Amino acid sequence: MRVASALLISAVASGCSGNQSALDPHGAPAIHMEHLIIGIVAICTVIWVVVMVMLGVALLRGPRAAADTAKSEAWLAMTVVAAVAATVIIIAGLTIASFYTTRDIGVPKSDALTITVRGQQWWWQVFYAGADATPGFQTANEIHIPIGTDVHLRLESADVIHSFWVPSLAGKQDLVPGRSNSMLLRAEKPGVYRGQCAEFCGLQHSHMAIMVVAEAPADYDRWAASQRGDATMPADPDAAAGRGAFLAKPCAACHTIRGTAANGTTGPDLTHIGSRLTIAAGLAETTRGSLAAWIADPQTLKPGNNMPMVPLTSAELQNISAYMESLK
Amino acid sequence: MTGRDSTDSRDTGFNDGELDHRLASVWSTPPGLWGALSSVDHKIIGRRYISTAFVFLALGGLLALLMRLQLAQPEARFIGPDRYNQIFTVHGTNMMFLFAVPVMQAMAVYLVPLMVGTRNIAFPRLNAFSYWMYLAGGLLLWIAFVLDTGPDIGWFAYVPLSGPQYAAGKRADIWAQMITFTEVSALAVAVEIVVTVFKQRAPGMSLDRIPLFVWSMLVTSFLVILAMPAIMIASTSLILDRLVETHLFNPAEGGDVLLWQHLFWFFGHPEVYIIFLPAVGMVSTIVATFTRRPVFGYLAMVMALIATGVLAFGLWVHHMFVAGLPRLGESFFTASSMAIAVPAGLQIFCWLATMWAGKPIFKTPFLFVIGFMVTFVVGGLTGVMVASVPFDTQVHDTYFVVAHFHYVLVGGAVFPLLGAIYYWFPKLTGRMMSETVGRWVFGLIFAGFNLTFFPMHILGLRGMPRRVYTYQPEMPWSALNLFISLSASILALGFLLFFIDVIRSARSGAAASSNPWGASTLEWATSSPPPPYNFARLPVIGSLEALSDQSTALPVATGLRVDRRELLVSSVVEAIPEARESSAGDSIWPLWAALATTATLIWSIFTPWAVVWGSIPVAIALIGWFWPKGVPEDES
């Protein structure tokens, strides 16, 4: 177990974070929201400073004149009324600004590229729909989108409520069992944008990240084409042995690898797991070492997750890790 | 009038010493354990309530420290996810249901009867019952937590995570049933406060002479009465789903997941004002006393309290902006959520005007009020921010919101409460708290609080979600989290000093006079601490500033009997005396009723038959409680 942790830490130390900040926006909805956030924060800061100055003056001003209280009370009443009026005007302005920003981040047109994201405890199942000639495909914990295009996300849940949040691209939207929610996702420039589940969903809510990879349309098409294909037979002998071990062990009962007999649906589709940036919903960068650490002891790295520890010999572990890495 | 009711049983016939003696013999709680368990004196129950709530505050604070220890560094292995989820759930549940609401009601249980000039709270036995129910609910939660079966579903207990399919065991049931305990006790106190304020005010205390703290507790009590049924329906439905498979929240069987959220937040948002409005009353009271003048704009302040109370029921959807409701409908709730800034702003401006026109005296209670102004305005403004739908979709369920509501609840309610403890401690105990220590307490808590919670705004904007037991080292959050955890120790030190000061002062503080601050409300017209009967002769009120207008002693109303517990019932608007009403004597039955109810409620999370069999001991206890005493109810 200690070895597994050590392996994992060395795997993640190289870093694969991507952007995950509302203040570092790279998509139209997030950019609109950043403008609104900065505007409202600026106005509120000014208000706070003004109120604090009023407080300071009220507390520390010089000796009070005893005379003419009636006049000073009337003056105070005028000031209070003016301050309340100013409050009304400011919040009316903020409400209107908020309303217009809401319109700008609305749901995209129906002809946009549609991706279905299904939240699961504690990973993201992603479906790309097929068209007439091209089949659809399934992936996990990673979404690729073409830049400069509106993408329509359909959000569903297989179990409890989750929330899809990639702050550098858009605000969050819940994945609610029994419902289908929609949101607009859009990236203006290529990059990896990290997000993570924002609605408390149980034991491993903390380790439920998703990567959005935005790339030029041509790159996106290449990626989609390769994802549509089945897994190929690995050339490397270790990996080929790993394929055999994978199919012989309980792994195949929960995972699908298209092109093999593995067709379990409980866990993520692994057909192209080697092409993904991370494993276990953003837990670690995809390397042979991190794959081995994860397979050897998933419960230490992500306590409570639904992947059991499958007893393997060290050779089997090595081979299966090599096989996973080869599934580009 | 009966023949027995001759003048020698009325208070008119006695000199002061003899009157005190006779009233004391009628109203005193007998010494010993039995007396303590049977007492219905609102001051004894109020003190007990306040002390218990502060014990829960300390326990909840310890949980917060454990969380900060775990989050001080990334991927820490100090606390696992299962325990951490219990910790943050119990922290939130404890602070909301076992500390914040009860402590505010407890302050009212102690203070309202004194401030309106009556001898005991209305329905004193119900008051005793409500305390025992509250204590039982608190013990249920904490014993479960110690036994590692504490709820782990968040204080909001969203379905389906809290439902039968995803929350195995009894953890979620313990949460839901603990809600029932605290709701029963909160509703009971709310009814007592409403009746005490409406029907037991001293003669002459017309509606426009009610102290602002009493007004705030009146509005709060109505909020409790209107909001709590929603959560009782929700928690009971959850138990039904879990125990007898009603599927109310199960989408696969036609139930609805969002129904839970609507019910929960229809209660949950007014809950914030149930905590905040009493604090507003405390601030008004302290401001008036320490600026040596009445609060500016009494009528405006009362209207703001009522407006806040009404608006509080129209904003719950802003907790659900990312749940997928129609955007246009959400915009309505943006407007209503922002609108509540108007009455809040009005109150701030009125306090500022009061400070401007008055002569500030910088004693510890007033320092806490200044701290309140500084921090609550931050919390109010971030509240305006999260009211905006687009803003909220970025910060919802992040540390920004954690920062926001701690600014509102700690800055907006706990600071005034601590000020109120320093302010009313002499009345509660007859001893003063230390002014020197008080300044240190204020400084540490104020600095520690802001250093701990302000950086959380930034963490949230930089992408850190709430309710995570850890975060990965590659995320740029480690430094701020370590800073926050270190700052939390300053905050904890401040509270530690506060508790030390309370215990030390209660034992050996300087003796307090009846009115050490020169305040103008009625509780200061009697000794510190007050005698069991509160006032030997009931005061008659001629103005809002009951005490300051009287250069000599208050005029008094007489005619109450001294051979049994009796208080004066007055009219709602003008507080014109209407009748003499007997007030219930000490009784052990509220305790038995609470024990029977407790057994029934806990048993009923295991089998629905508990409701049937448990009703028998409850009925027996109630029969004992209401057994006729042969005393006429009231005499006009």
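Predicted model: local features only at pLDDT ≥ 70, side-chain atom pairs only at ≥ 80, totals over all residues.
**Figure 1. Overall dimensions of chain A.** Chain A contains nine helices and 12 strands. Along its principal axes, the C-alpha trace of chain A spans about 100 × 50 × 35 Å. The radius of gyration of chain A is 27 Å, whereas a compact globule of 328 residues would have a value near 20 Å.

**Figure 2. Overall dimensions of chain B.** Chain B contains 18 helices and five strands. Its C-alpha atoms fill a box of roughly 80 × 60 × 50 Å, taken along the principal axes. For chain B the radius of gyration is 25 Å, which agrees with the value near 26 Å that a compact globule of 636 residues would have.

**Figure 3. The contact between chain A and chain B.** To this contact chain A contributes 66 residues and chain B contributes 66 residues. On the side of chain B that touches chain A, the elements giving two or more residues are helix 4 (81–115), helix 8 (257–290), helix 10 (327–339), helix 11 (341–357), helix 12 (364–387) and helix 13 (389–395) of chain B. Helix 11 of chain B gives the most to this side, with 12 residues. By residue class, the side of chain B that touches chain A comprises 43 nonpolar, 16 polar and seven charged residues.

**Figure 4. Packing of helix 3 of chain A with helix 11 of chain B.** Helix 3 (residues 69–104) of chain A packs with helix 11 of chain B at an angle of about 150°, and the two axes are 9 Å apart. Because angles over 145 degrees count as roughly antiparallel, helix 3 of chain A is roughly antiparallel to helix 11 of chain B. The crossing of helix 3 of chain A and helix 11 of chain B is right-handed. From helix 3 of chain A, the contact is made by Ser72(A), Leu76(A), Thr79(A), Val80(A), Ala83(A), Val84(A), Thr87(A), Val88(A) and Ile91(A). From helix 11 of chain B, the contact is made by Ala341(B), Val342(B), Gly345(B), Leu346(B), Phe349(B), Cys350(B), Ala353(B), Trp356(B) and Ala357(B). The residues of this contact of helix 3 of chain A with helix 11 of chain B divide into 14 nonpolar and four polar, with no charged residues.

**Figure 5. The five-stranded sheet of chain A.** Five strands of chain A form an open sheet with mixed pairing, in the order 3-2-1-5-8. Strand 3 (137–140) and strand 8 (181–185) of chain A are the edge strands, each of which pairs on one side only. On average, with direction ignored, neighbouring strands of this sheet are turned by 25° against each other. Within the sheet, strand 1 (residues 113–120) and strand 5 (residues 151–157) of chain A pair in the parallel sense over seven bridges. Thr114(A) stands opposite His152(A), a residue of strand 5 of chain A.

Figure 6. A sheet of three strands in chain A is open, with the order 4-10-9 and mixed pairing. Its edge strands are strand 4 (142–146) and strand 9 (191–196) of chain A, and each pairs on one side only. The twist from one strand to the next averages 25°. Strand 9 and strand 10 (residues 209–215) of chain A pair in the antiparallel sense over six bridges. The bridge partner of Val192(A) in strand 10 of chain A is Val213(A). Helix 4 (residues 217–228) of chain A lies across strand 4 and strand 10 of chain A.

**Figure 7. The cis peptide bond at Trp122(A).** The peptide bond from Gln121(A) to Trp122(A) is cis, with omega near 0°. Trp122(A) is located in the loop between strand 1 and strand 2 (123–128) of chain A.

**Figure 8. Backbone details in two loops of chain B.** The peptide bond from Ser528(B) to Pro529(B) is cis, and its omega is near -10°. Pro529(B) is placed in the loop between helix 16 (478–508) and strand 1 (538–539) of chain B. Asp148(B), although not a glycine, has a positive phi of about 65°. The loop that holds Asp148(B) is the one between helix 5 (124–146) and helix 6 (171–199) of chain B.

Conventions:
Residues numbered from 1 in each chain as written. Chains lettered and ligands numbered in written order. Contact = placed C-beta atoms within 7 Å. Helix = DSSP H or I, 4+ residues; strand = E, 2+ residues; numbered from the N terminus. Nonpolar A, V, L, I, M, F, W, Y, C, P; charged D, E, K, R; others polar. Pairing = 2+ DSSP bridges. Axes fitted to C-alpha atoms, helices over the stretch in contact; angles between N-to-C directions. Parallel < 35°, antiparallel > 145°, perpendicular 65-115°, else oblique. Left-handed = near helix turned anticlockwise from the far one by under 90°. Rg over C-alpha atoms; globule rule 2.2 N^0.38 Å.
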